[in-house]
Amino acid sequence: ENERLREQLDEVKQSCLLLNHKVEGSETILSKQKEVILDLRQQLQAQELRHTEELRALNDAHSQVLKNFVQKHSIQVQGLEKKLRSLQNIVATSIVQKEPEKESDVQAAQPAAAATQ
């Protein structure tokens, strides 16, 4: 009976050693996986930071492009407005200059018309 119990005890010890070895192997694997996960997390955080910086730079560049576009077209519009005012002044001046001619033409035509009647 004692011999049988010793054999069972030896089998249990072997099973425990085998399980202990498996647990240690699993812990090693889990530890390596944890290291990989931590490394990937650091890489992801670094990538997120780079992307944030790149997006900020793109946003700043886009804002500058829009600012330059608006500024350029504002200058063009101002130039066109200036030309328009100049043309309006020329037209107004030419109309004012032609009106006295028309009045003098009308006054000159009136005595001639009266004489023909």
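1. Buried means under 20% relative accessible area, exposed means over 50%, and partly exposed lies in between (1.4 Å probe, protein chains only). By that rule, 0% of the 117 residues in the chain are buried.

2. This is a predicted model: local features need pLDDT of at least 70, side-chain atom pairs count only at pLDDT 80 or more, and totals for chains, interfaces and linings use all residues. Residues are numbered from 1 along each chain as its sequence is written, and side-chain values use heavy atoms, with hydrogens and water left out.

3. Helix α1 covers residues 2-116, and Glu11 sits in it.

4. The chain exposes about 11,000 Å² (Shrake-Rupley method, 1.4 Å probe). Carbon and sulfur atoms supply 58% of that area.

5. Side chains of opposite charge can pair when their charged atoms come close. The whole structure holds one salt bridge (a side-chain nitrogen of Lys or Arg within 4 Å of a carboxyl oxygen of Asp or Glu). Arg4 and Glu1 form a salt bridge, with their closest N and O atoms 2.7 Å apart. Arg4 is partly exposed because its relative accessibility is 42%. Glu1 is exposed, at 62%.

6. Glu3, Glu7, Asp10 and Glu11 form a surface patch of negative charge. Patch residues have over 30% relative accessible area and no salt bridge; like charges are joined within 9 Å, with the charge placed at CG of Asp or CD of Glu. Glu11 counts as exposed because its relative accessibility is 52%.

Notes:
Patch = residues over 30% accessible without salt bridge, like charges linked within 9 Å, V, L, I, M, F, W, Y side chains within 5 Å. Lys, Arg positive; Asp, Glu negative; His and termini not counted. Helix = DSSP H or I, 4+ residues; strand = E, 2+ residues; numbered from the N terminus.
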